[in-house]
Amino acid sequence: MWAILTGAALIIGGLLFLFTSALGRRPSDPHRTPQGGTTLEPRRQGLRFLGISKNWPALAVIAIGALVLAFGGYS
C-alpha cells in the first residue's frame, strides 16, 4: 500500500514540478502587431521551455513514480 501511495505522490510531484516551468513564466504585455491590432501573444514565441533538456528532472521523478507504482502493485 505504501509503495502505491509513494508512486502516486512521485507522479503528482513530478507533474507539478513539470508545470512550474510553464506556469512560472511572466505574462506577456499587450503590444501592437505589424498588422495594426493588439495581442497578448509573446513577440518571439518559443517552445524551448517544453524541451526534454530543461524538464528531465521532472520526467525522471515521473518515471521513478511510475516504476514504484507498477512494482508496488505486485508486492
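These notebook entries record what I looked up in a predicted model of one chain.

**Basis.** I number residues from 1 along each chain as its sequence is written, and I use heavy atoms for side-chain values, with hydrogens and water left out. The model is predicted, and local features need pLDDT of at least 70, side-chain atom pairs count only at pLDDT 80 or more, and totals for chains, interfaces and linings use all residues.

**Confidence.** I looked up pLDDT, the predictor's confidence in each residue from 0 to 100. The chain has a mean of 81, and 72% of its residues reach 70 or more.

**Elements.** I found 2 helices and 2 strands, in the order α-β-β-α from the N terminus. Both kinds are DSSP runs numbered from the N terminus: helices are H or I of at least four residues, strands E of at least two.

**Burial and surface.** I took buried as under 20% relative accessible area, exposed as over 50% and partly exposed as in between, with a 1.4 Å probe and protein chains only. Of the 75 residues in the chain, 12% are buried. The chain exposes about 6,200 Å², of which carbon and sulfur atoms supply 68%; the areas come from the Shrake-Rupley method with a 1.4 Å probe, and for residues only the protein chains shown count as cover.

**Contacts.** I counted a contact where heavy atoms lie within 4.5 Å. Among contacts between residues at least 6 apart in sequence, 61% join residues at least 24 apart.

**Gly7.** I located Gly7 in helix α1 (residues 2–23). Gly7 is buried, at 0% relative accessible area. Leaving aside residues up to four places away in sequence, Gly7 touches Gly65, Val68 and Leu69. The C-alpha atoms of Gly7 and Leu69 are 4.5 Å apart, although 62 residues separate the two along the chain.

**Helix α2.** I noted Asn55, Ala58, Ile62, Gly65 and Gly72 as the buried residues of α2. A kink of about 40° is centred on Ala58; the bend at a residue is the angle between axes fitted to the seven residues ending there and the seven starting there.

**Ile12 and its patch.** I placed Ile12 in helix α1; Ile12 is exposed, with a relative accessible area of 52%. With Leu15, Leu16, Phe19 and Leu23, Ile12 makes a nonpolar surface patch of about 520 Å². Patch residues have over 30% relative accessible area and no salt bridge; like charges are joined within 9 Å, and nonpolar side chains (Val, Leu, Ile, Met, Phe, Trp, Tyr) within 5 Å. A salt bridge is a side-chain nitrogen of Lys or Arg within 4 Å of a carboxyl oxygen of Asp or Glu.
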